[in-house]
Amino acid sequence: MGTSSKTNGKKLPVSENTPLLGSGLDDAEVPINDEVILNHEPSADDTPSSVDDIPLPKLQIFILCLARMIEPIAFFGIFPFINKMIEETGNLKEADVGFYSGFIESMFSVTQMILMISWGRLADRIGRKPVMVMSLVGVGLGTALFGLSRTIWQMVIFRCCAGVFAGTVLTVRAMISENSTPRTQARAFSFFAFSGNMGMFVGPLIGGALQSPAKQYGGVFKRVQFFNDYPYALPTFVTGSIALLAALVCGIFIKETLKRKEKTNADGTLVEAEMTIFEIMKKPGVTYVLCIYTHAMLLGLGYSAVAPLFWYTRPSLGGFGFNPNQISYFMCSIGIAQSIWLLVFFPILHRKYGTGTILRACYLIWPLTFVVAPLCNYFLRQGWTTAFWIIAPTVQVIGSGVSMAFTCVQLALNDVSPSPAAFGTLNALALTFVCAIRTVGPFAFTSIFAAGARSQFLNGYLVWVVLIAITLLGTAAMRWFPENAEGKLKQED
């Protein structure tokens, strides 16, 4: 029999020496705090409940979600005014704006892709926390300077400066995983996805509401010459300040999660060497899920790059003809809708149907959401504005449910990971692929849209035909989705 945690009816304090399989385990008063999660390493003696029942450290997850919001705020915050800024700064024709907007948006990801592995290695060497804080400071400064651009090439340079500090997204993902257990990881990454969508909501809201304040609001803004000379400085300054505030909060409150690995086990034997990338990718389901992961992100990034340009372009060229405020409101409504889908509907659907079923449904709905964009443009060309304002917002809200696919592919990636030790490498590999498509994706898709708008090939709908064709490839590929990535939860008795 194991040592009881009770003596003469009294409960004894539990420490690291308390046997997990003792006869009084159910009666033991286990103290739950952040250190339990950060220091716990599953072993053969651990029962499922002793690991899985540990709750998420709320403060740490909240701060990490705050840090997670910074990248989408910085990335999407310029979207409401980027096309107008390029047109004014470069004295370009409206049909040519798409080429430059895609190029500038891609530069953010180019620098991220180049430096992602370096930031990961630095985080493994000096810790997650210092890399996160440095990255947040760098993103804040680079984003703030973007609003001071007076030429297109200055816009490119400052956008690259913000992208150099790519360590935030990598460290947040690692720390979310290291702060959670197998049972709570799905919930943790739901919060992770929700915070990303909140960033998509806050960024465009700031960008649209604060751009050109002298023209929008007049008053003190019109009297201050700075805001007349730099009409896009205010939103980028505010966005940069949020990043710097997040860096301060993380520097004070976040706890380091990196645990140094010993070179030998307790019995003196050498610790088994970590698997190489090639070895990880040979494991069942890993390569297939990485492909689906990258494909889903390609669709999301493609739409995110095209949508603001599509909304900005006048209806005669194939767009909606929105002004920056309308663009920001439309993007905000999408962000809110996606957040509701993730927080309210996704947990229920995932518990009932699992990862694979939800992902298949998203791939069936995705082509339909892309079809609606040219359909609504057709309404505007025909002057059917009432039909447009009924159909377009409704489909945007309902179609936002496809955002569940991004959480699904993350959970599928977790499920096919051959071991907890390999998760970090697998996650870094997936992020590298995402940075690669973010490097070429926005420029490629906006260029396709610009080419279609200029030539009026397919009435300017060329990019939507391309997106639908790409989506259908993924829809067909889901027929062979790996069994070990289905993510169907076992029903509890």
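**Entry 1**

I started with Leu-458, which lies in the loop between α20 and α21. I kept in mind that this is a predicted model. The phi of Leu-458 is near 55 degrees, and I noted that this is a positive value in a residue other than glycine. Leu-458 has a relative accessible area of 41%, so I put it down as partly exposed.

I then looked at Gln-456. This residue sits in the loop between α20 (420–455) and α21 (462–477). With a relative accessible area of 27%, Gln-456 is partly exposed.

**Entry 1. The whole chain**

I stepped back for an overview. I found 21 helices and 2 strands in the protein. How much of the protein is buried? Of the 493 residues, 51% are buried. I also looked up the contacts between residues at least 6 apart in sequence, and 77% of these join residues at least 24 apart.

**Entry 2. Helix α17**

I checked the length of α17, which covers residues 355–381. Its 27 residues, at 1.5 Å a residue, should span 39 Å. I read 40 Å between the end C-alpha atoms, which agrees.

Where does α17 bend? The bend is at Ile-365, by about 25 degrees. A proline, Pro-367, follows within four residues. After α17 comes Gly-383, and its phi is positive, near 80 degrees.

**Entry 3. Helix α18**

Next I asked which residues of α18 are buried. I listed Phe-388, Ala-392, Gln-396 and Gly-399. They cover an arc of only 80 degrees around the axis, so they lie on the same side of α18. On the other side, Thr-386, Ile-390 and Ile-398 are exposed.

What do the buried residues of α18 pack against? I found α15 (286–312), α16 (324–353) and α17.

I moved on to Ser-403, in the loop between α18 (385–399) and α19 (404–416). Is Ser-403 buried or exposed? Its relative accessibility is 2%, so it counts as buried; the cut-off is under 20%. The side chain of Ser-403 reaches the backbone oxygen of Ser-400 at 2.7 Å.

I left aside the neighbours within four places in sequence and looked up the contacts of Ser-403. They are Gln-338, Trp-341 and Leu-342.

I followed one of these, Gln-338, into helix α16. Gln-338 counts as buried, at 10% relative accessibility. Not counting residues up to four places away in sequence, Gln-338 touches Asn-197, Met-200, Ser-400 and Ser-403.

**Entry 4. Ala-246**

I turned to helix α13 (residues 233–253), where Ala-246 is placed. Ala-246 has 1% relative accessibility, so I recorded it as buried.

Which residues does Ala-246 contact, leaving aside neighbours within four places in sequence? I found Leu-66, Ile-70 and Leu-136. I also looked at Ala-67, which is 179 residues from Ala-246 along the chain. The C-alpha atoms of Ala-246 and Ala-67 are separated by 6.0 Å.

**Entry 5. The cysteines**

How many disulfides are there? I counted 0.

Cys-161 counts as partly exposed, at 32% relative accessibility. I also looked up Cys-65, which is buried because its relative accessible area is 12%.

Technical notes: Residues numbered from 1 in each chain as written. Predicted model: local features only at pLDDT ≥ 70, side-chain atom pairs only at ≥ 80, totals over all residues. Heavy atoms only, no water. Expected span 1.5 Å × (residues − 1). Bend = angle between axes of the 7 residues up to and from the residue. Buried < 20%, exposed > 50% of the residue type's maximum accessible area, 1.4 Å probe, protein only. Polar contact = N/O pair within 3.5 Å; in protein donor to acceptor, adjacent residues only side chain to side chain. Contact = heavy atoms within 4.5 Å. Arc of directions from axis to C-beta. Disulfide = S-S within 2.5 Å.
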